[in-house]
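My notes follow the structure.

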Amino acid sequence: MSPKLRKILLWALTMTLIAGLVWAGADLLGQSNKKAADAGANAADMEMASIDSVKPSVKEGKKPVSKATAAHNKVKQADSAYRVALKKAQSEIDSSGKVSQKTYNAGMAAARKFQAASEEYAATQEPVRAKMIREAGASRIKSAEMAFSDIDASKIDDYNSQQDTLRQAQKEYYDLAKTDVSEQDRAAMKAALIPTLQRVGGNLAGTAGDIMSLLSQVKDQVGMSPSAMMGGCARQAATSGSMSSGATALLSPLQSLLSLVKGMGSNVQGMISDISSL
């Protein structure tokens, strides 16, 4: 084989390998976006579980609670609208690997409406209950940014920080609820919320396993980079453009997402423990 023909074949092989890795990188991005959206869906369940756990104070006695009930119903309606947008986003990720700008805009608008409804509901409550409701509303904004965007470590970390804030507010409310929520309402909380949270915990465990598998695939692809195997012009081509920002760029976001999902799982177990102890 002549040197010229060998060079041509080497170039063709390199281009084929690059094309395959670029396609694989796009597929991994789509899978990563799917896991971020899944985490966002579980976050929404946790946010609603927080809000739905709010029960009247025993100090309120028999006084009318219609204003609070109406505000709570408005939160539920806003949550339902948000879930429609989230399902649309998940469908787009399944088909194309990412969320369209139109669906992103709709999702964030729905998240803002949820937060606004949460603020209205919080205004009907005493400070401890109000704090948890407001933090759940703020959490929806952060979890929506994570769910409706391409996987992004900074957005994941922002939600993770808000999750910690919400968890602290939950602890304060559940501690108060031991003495400031009727026995009947405490029993209702356990019956309604523990099964939901157990389901969420199972979902999160599955998502964590999926993310670990994705991380393994990403690390394998990074190790397969043709820049590690070829020299000269081939190396220049292999390390240019999308190759330099493909699989390697997913490592940090996926690591952040795995840490987040594990933390969410711990927080769900904490919520279950808190509610069970009421």
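I began with the largest cavity, which holds about 50 Å³ of space. I used a 1 Å grid over the protein atoms alone, where a cavity is a set of points that a 1.4 Å probe fits but cannot leave. Grid points are joined across faces, edges and corners, and the volume is the space filled by probe spheres set on the points. By this rule I count one cavity of 30 Å³ or more.

I noted that this is a predicted model, in which local features need pLDDT of at least 70, side-chain atom pairs count only at pLDDT 80 or more, and totals for chains, interfaces and linings use all residues. Residues are numbered from 1 along each chain as its sequence is written, and side-chain values use heavy atoms, with hydrogens and water left out.

Next I checked the lining (residues with an atom within 4 Å of a point). A43, M46, Y159, Q163, L166, R167, Q170, N267 and M271 line the largest cavity. The elements giving two or more residues to this lining are α1 (3–52), α5 (153–180) and α8 (247–276). The largest share, five residues, comes from α5. I sorted the lining into five nonpolar, three polar and one charged. Here Ala, Val, Leu, Ile, Met, Phe, Trp, Tyr, Cys and Pro count as nonpolar, Asp, Glu, Lys and Arg as charged, and the others, Gly among them, as polar.

Then I turned to the helices (DSSP runs of H or I, at least four residues, numbered from the N terminus). Axes are lines fitted to C-alpha atoms over the stretch in contact, and angles run from 0 to 180 degrees between N-to-C directions.

How far apart are the axes of α3 and α4? They are 8 Å apart, and helix α3 (residues 101–122) packs on α4 at about 175°. That makes α3 roughly antiparallel to α4 (over 145 degrees; under 35 is roughly parallel). Contact means heavy atoms within 4.5 Å. Among the contact residues I found Y104, M108 and F114 of α3 and I133, R134 and I141 of α4. The contact divides into twelve nonpolar, three polar and five charged residues.

Last, I took helix α2 (residues 66–96) and helix α4 (residues 127–147), whose axes come within 12 Å and cross at roughly 15°. That makes α2 roughly parallel to α4. D79, Y82 and L86 of α2 meet R140, S143, A144 and A147 of α4.

Definitions and conventions. Angles under 35 degrees count as roughly parallel, over 145 as roughly antiparallel, 65 to 115 as roughly perpendicular and the rest as oblique. On a 1 Å grid over the protein atoms alone, a cavity is a set of points where a 1.4 Å probe fits but cannot get out, and a pocket is an open set with protein on both sides within 12 Å along at least five of seven lines; lining residues have an atom within 4 Å of a point.
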